[in-house]
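Hi,

Here is the structure I promised to send over. Have a look at it first, and then read on for what turned up.

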Amino acid sequence: MVLWKRNNFQLTVLEKLLKYISESKIGKLVSVSGIKNGEAFLEVAPENITSVLSFLKSDKKCYFKQLQFICGADYTSRPKRFEAVYGLLSLHNNVRLIIKVAVSEGEIIPSVISIYPAAMWYEREAYDMFGILFGNNPDLRRILTDYGFEGHPLRKDFPLTGYTEVRYDLEQRRVVYEPVTLTQEFRNFDFESPWEGTQYVLPG
């Protein structure tokens, strides 16, 4: 990525790609496009994601045959809080492309499994971690958290300690869920190294 930022040839390739996309039949479906940190990106409305990805995969000048990831992002200050981010790779053209879809809580994004079958796992992960909903996903259930888990761990308002803790109870011989109890008080560290000399007398 850093090389792309400094490589004028690569930036020219990305600029030509974005220009081609803007002049293509899906140009009107793209709300924002640009290059940031050496990465080309498009911003698309949820209802247009399948049309855009279908074109990017099949068009010979794009040929984004690989879906590398789908991840989520949480921007609590935005009107549409969440963002689903799709990472595409074209080995044919040696180019990467990021697709961003902004959604509010409870809004549904059409699933892209029919275009990229690998999206099944990525959509489940985005749902599990952020609560982003994908319509027409045949198996949209949690994939990383435990059965009966409440909340979505990567949301900004999710507490670092979580809501429950899990342990194995020897008497009941099963896994039990309990409210979080911090067994150790918070400690303050000054990060001073005793080998560099401290401003106080070390214990002992």
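Strands here are DSSP runs of E with at least two residues, and helices are runs of H or I with at least four, both numbered from the N terminus. It's a predicted model, so to speak plainly: local features need pLDDT of at least 70, side-chain atom pairs count only at pLDDT 80 or more, and totals for chains, interfaces and linings use all residues. Numbering starts from 1 along each chain as its sequence is written, and side-chain values use heavy atoms, with hydrogens and water left out.

The pocket, then. S5 gives the largest share of the lining of the largest pocket, 4 residues. S2 (39-44), S3 (66-74), S4 (82-90) and S5 (95-103) each supply at least two lining residues. By type, that lining splits into 8 nonpolar, 3 polar (Gly counts here) and 4 charged (Asp, Glu, Lys and Arg).

On to the sheet: an open one of 5 strands, ordered S1-S2-S5-S4-S3, with mixed pairing (two strands pair if DSSP finds at least two bridges between them). S1 (30-36) and S3 are at the edges with a single partner strand each, so one side of each has no neighbour in the sheet. S1 and S2 run antiparallel, joined by 6 bridges, and Ile-35 sits opposite Ala-40 in S2.

H4 (residues 119-130) lies across S3 and S4.

Cheers

Terms used
Contact means heavy atoms within 4.5 Å. Axes are lines fitted to C-alpha atoms, for helices over the stretch in contact, and angles run from 0 to 180 degrees between N-to-C directions.
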